[in-house]
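Please keep the sequence and the structure in view while reading.

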Amino acid sequence: MLIQLQGHRRPAAAWALAGLSLLAGASCQAAEDAAEGRESRAAPLRFSGFATLGLTHNDNATAGVFTSFSQLKPVQQGWSANMDTVLGLQLEWQPLSGTTFQLQGVARAGEDMQPRLRIAALRQQLGQGLSLNLGRMRSPLFFDSSIAEIGYANLTVRPAPAIYALTNSVASLDGADLHWRLNLGDASLLAQVFGGRYDYTHRFNNFSPALSADASLRGLLGFSLSANLQDLTLRVSRTGIDRYVLRSEQVSQINSGLEQIGGALQQMAQNPQLPPGLQAGLLAKAQGLDALRNPFDNQPTYTSLGLDGNWQQWRLLAELTWMDPRNHLVGRGTGYSLTLARSFGDFTPYLSLAQLKRSSAKLDISALAPTGLSPQIDAGLAQLKQGFDRAQQFADISSRSVSLGLRWDWRENMAIKTQLDLVSTPNANTPGPLAVPVLPFDNKLQLFSVTLDLVF
């Protein structure tokens with residue numbers, strides 16, 4: 001992913017250094033320049049890192065907040081370090097000119113500081129602007145996916161959870177990507193093709209206690225195209241996933257209930273005393289129940305169109321996103337984020353808007369209607385319908401946020417940020433990307449964050 005970290009002259013240089021030190025091999029422009037232009041003079045072994053020390057205050061007693069659906073501990077009412085506090089360490093070894101091995105581990109307060117492997121890859125320069133990465137790499141799904149955890153590289157405290165909570169869960173990609181870069185004077189083009197798989201633990205924070213599921217992504221294929229001009233970066237990307245599978249004890253229980261009731265309906269349909277039309281209706285209902293198995297499985301596509309532009313002391317960041325899971329329970333979503341900032345020396349105030357809107361037909365659960373023939377079967381159908389109704393409510397992650405913040409680049413490679421977020425969902429029965437165990441709830445909350453970001 002191309003990164004143009006510009007605001008005003010001194011911080012712009014520091015931000016570019018951060019990208020060069022931490023994101024070589026993560027498809028950023030600085031890393032490409034370093035690999036092709038200066039790699040022969042690079043040290044064989046290089047150690048670098050990033051960290052954020054952050055505190056966030058949530059004023060809402062009915063909803064917690066998080067940055068991804070893999071986060072163990074949401075930020076509940078009061079002060080917490082779980083939202084943004086993170087430590088990342090990276091080791092690079094260059095045994096040969098043009099060949100680099102990379103390792104990056106990350107520990108987050110929201111996950112009890114348990115180390116997670118984000119990068120474990122071989123980077124090979126192929127010449128003619130081509131480079132190949134093999135192994136585990138940072139996620140390329142959205143405009144800022146590869147730097148979402150690197151607070152210093154972000155203008156704001158964090159990319160807006162309204163559109164990044166889902167993709168932050170897919171933090172890495174196990175597979176390969178191929179880059180091709182073309183220099184055109186002061187501009188450059190970067191094309192990227194990637195593919196692979198990824199596994200993670202998905203947290204359903206809308207239960208008390210929260211539930212976990214094993215998430216498996218297979219057949220992930222995508223591309224991105226970036227254009228780097230002197231004061232403007234544009235990027236478009238599209239990613240398709242052939243199989244996005246969620247498995248948990250609760251999903252197994254749903255499948256078991258559907259199977260048992262479906263079998264009972266088939267057995268009931270064999271009764272020769274029933275009219276043929278009723279027999280056919282029972283068999284159709286059994287088929288409808290079978291279609292509801294594994295209700296969270298989907299085949300999503302992610303599309304992102306983003307820009308990062310600078311004009312004198314002004315900076316504009318914008319991104320449009322589309323997510324189509326091809327699953328009526330999960331729901332299709334359209335999102336945007338927009339950030340406007342102006343630098344005054346070392347200080348950069350900014351205003352951000354973000355929204356994700358779910359726009360999809362609802363899951364067809366007509367097969368869960370009562371039969372009127374068996375009180376026992378109808379009771380089971382009613383219980384399943386109640387569960388699916390609740391799942392459809394909690395699957396709606398529509399939300400919007402307005403953020404006002406200030407960044408202070410007070411020392412080289414260090415920044416202090418303060419940010420106030422006003423977050424809301426469409427109504428009291430739509431939890432959005434929030435940890436809401438009970439509906440209805442207070443669907444408006446305020447977050448106040450203070451962070452110290454650094455790279456080394």
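## Basis for reading the model

A residue is called buried when its relative accessible area is under 20%, exposed when that area is over 50%, and partly exposed in between. The model described here is predicted.

## Strand β1 and its partners

Strand β1, which covers residues 45–58, is joined to strand β19 (residues 444–455) by nine bridges, and these two strands run antiparallel. Within this pairing, Gly54 of β1 stands opposite Thr451 in β19.

Strand β1 is also joined to strand β4 (residues 86–96), again in antiparallel fashion, through eight bridges, and here Phe50 has Gly88 of β4 opposite it. A further antiparallel pairing links β1 to strand β3 (residues 78–80) through three bridges, with Asn58 placed opposite Gly78 in β3.

## Salt bridges

The count of salt bridges in the model comes to 19. One of them brings together the side chains of Glu92 and Arg46, with 2.8 Å from N to O. Because Glu92 lies in strand β4 and Arg46 in strand β1, this pair ties together parts that are 46 residues apart in sequence, and β4 and β1 are also joined by eight bridges as antiparallel strands. Arg46 has a relative accessible area of 34%, which falls between the 20% and 50% limits, and so Arg46 is partly exposed.

The side chains of Asp84 and Arg158 meet in another salt bridge, at 2.7 Å from N to O. This pair links distant parts of the chain, 74 residues apart: Asp84 is in the loop between β3 and β4, while Arg158 is in the loop between β7 (130–138) and α3 (161–169). Both Asp84 and Arg158 are buried. Arg116 and Glu111 form a salt bridge as well, with an N to O value of 3.0 Å; Arg116 is partly exposed, at a relative accessible area of 31%, whereas Glu111 is buried, at 6%. Arg108, Arg118, Arg138 and Glu149, in turn, are linked in a network of salt bridges.

## The largest pocket

The largest pocket holds about 1100 Å³ of space. It is lined by 49 residues, and those closest to its centre are Phe204, Phe207, Ile254, Phe296 and Ala391. Elements that give two or more residues to this lining include the strands β9 (187–204), β10 (211–228), β11 (232–247) and β15 (347–358), together with the helices α4 (249–269) and α6 (375–395). The largest share, ten residues, comes from α6. By class, the lining is made up of 26 nonpolar, 18 polar and five charged residues.

## The second largest pocket

About 540 Å³ of space lies in the second largest pocket. Its lining consists of 32 residues, of which Ser70, Glu111, Arg118, Glu149 and Asn168 lie nearest the centre.

Conventions: Residues are numbered from 1 along each chain as its sequence is written. This is a predicted model: local features need pLDDT of at least 70, side-chain atom pairs count only at pLDDT 80 or more; totals for chains, interfaces and linings use all residues. Side-chain values use heavy atoms; hydrogens and water are left out. Two strands pair if DSSP finds at least two bridges between them. Helices (H or I, at least four residues) and strands (E, at least two) are DSSP runs, numbered from the N terminus. A salt bridge is a side-chain nitrogen of Lys or Arg within 4 Å of a carboxyl oxygen of Asp or Glu. Buried means under 20% relative accessible area, exposed over 50%, partly exposed in between (1.4 Å probe, protein chains only). On a 1 Å grid over the protein atoms alone, a cavity is a set of points where a 1.4 Å probe fits but cannot get out, and a pocket is an open set with protein on both sides within 12 Å along at least five of seven lines; lining residues have an atom within 4 Å of a point. Grid points are joined across faces, edges and corners, and a volume is the space filled by probe spheres set on the points. Ala, Val, Leu, Ile, Met, Phe, Trp, Tyr, Cys and Pro count as nonpolar, Asp, Glu, Lys and Arg as charged, and the others, Gly among them, as polar.
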